[in-house]
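Here is a short report for a reader new to this structure. Please look over the sequence and the model before reading on.

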Amino acid sequence: MQFTFHALGQDNKAIYNLHDAVIGDQNLAIYNGILYKEEYTNTELVNVFYKNLNFFVGDLNYDQQSYYGQKLKLDTYNDQLLITPKNSANALLLVLDKSKVYWFTLDQETFYNADNLTESPRVTGYIKLLAKGDKGWVFKKSRKLRIIYRKDKKEALKYILKESFWVFKDNILIEVKGKQDLRDLYPLKKDLINQYFKENRLLYKNNKDQFYSRLFNLNINS
C-alpha cells in the first residue's frame, strides 16, 4: 500500500478538530488501544522513549482519519506509538494499532509507518522522514536495544541506540550504508555525490540526519 503525506492548512485542521469535539474526545477511535505496560521503570537517564520522557503534541493519520493536537510518545525499544487522551485527567497510556498508523508528527518531525509505505518493506515499523522530493525520500530508523548487566551485585540496564538510513525510491525502501549505495541508486549523480561526501566528512561523522537531509534537499532532488 502506498501512502503520501499531505500537509493540511489551518482551515482543514479546524474542520477535523470540530468533528472530534462534536463526537467527543473519549469516543475517538484512536483511544481504543490496549494499555501500555512498562517492563522496566523508565527514568530521565535510562528510558525507551524518543528523545525524552515527555509527551509531544503532534498530529497523526490513523485508519485513514487525521487527528490533530494529540499527546504522543514513541517507544523506540518496542517500536510502539503511544497516546493519552488529550482532555482526560486519567494517566492512561495506550498503544496504537501499528497496522492503522500511516504517519504522525513528534516535535515537528514527521514519521511514517514503513509497513504502510510499501508492500514489501525491508525495514519495518516507524521511520523518520529527513527529506523528500521527486527523485527520492530519505528516512532514518532508530531502535533502542536493551542491555542488562550486573553493577554492584545488582541488576542494571541500559539502552544502546541503533540507527540506519533508508531511501524510498521507485516504491522500494533501500538501505544506504554509505557513498557506494547512493552512487548505485543515482549513477548520473555519481560525481556530485563524491564531491558532497568529500566536502562534508565532518558533518557525516557528527550529524548524519543533517548530512542526508542536505544531500537530498540541495543535490539529489534539486
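The expected span of a helix is 1.5 Å times one less than its number of residues. The model shown here is predicted.

## Helix α6

Helix α6 has 13 residues. A straight helix would reach 18 Å at 1.5 Å a residue, but the end C-alpha atoms of α6 are only 16 Å apart.

Which residues of α6 are buried? They are Asp-209, Phe-211, Tyr-212, Ser-213, Leu-215, Phe-216, Asn-219 and Ile-220. In an α-helix there are 3.6 residues a turn, so residues three or four places apart point the same way.

## Two helices in contact

Helix α4 covers residues 190-199, and helix α6 covers residues 208-220. The two pack at an angle of about 145°. Their axes are 11 Å apart. The crossing of α4 past α6 is right-handed.

From α4, the contact uses Leu-192, Ile-193, Tyr-196 and Phe-197. From α6, it uses Gln-210, Phe-211, Arg-214, Leu-215, Asn-219 and Ile-220. By class, this contact of α4 with α6 has seven nonpolar, two polar and one charged residues. Leu-215 of α6 is a contact residue and is also buried.

## The sheet

Strand β2 (residues 56-62) pairs with strand β6 (residues 101-106) over three bridges, in the antiparallel sense. Here Tyr-62 has Val-101 in β6 as its bridge partner.

Strand β8 (residues 126-131) and strand β9 (residues 137-151) run antiparallel, joined by three bridges. Leu-129 has Phe-139 in β9 as its bridge partner. The hairpin of β8 and β9 has five residues between the strands. In this hairpin, Gly-136 takes a positive phi near 160°.

How many bridges pair β9 with strand β10 (residues 154-169)? There are 15, again in the antiparallel sense. Arg-143 has Lys-162 in β10 as its bridge partner. The hairpin of β9 and β10 has two residues between the strands, and Asp-152 takes a positive phi near 55°.

## Helix on sheet

Conventions: Residues numbered from 1 in each chain as written. Predicted model: local features only at pLDDT ≥ 70, side-chain atom pairs only at ≥ 80, totals over all residues. Heavy atoms only, no water. Axes fitted to C-alpha atoms, helices over the stretch in contact; angles between N-to-C directions. Helix = DSSP H or I, 4+ residues; strand = E, 2+ residues; numbered from the N terminus. Left-handed = near helix turned anticlockwise from the far one by under 90°. Contact = heavy atoms within 4.5 Å. Nonpolar A, V, L, I, M, F, W, Y, C, P; charged D, E, K, R; others polar. Pairing = 2+ DSSP bridges. Buried < 20%, exposed > 50% of the residue type's maximum accessible area, 1.4 Å probe, protein only.
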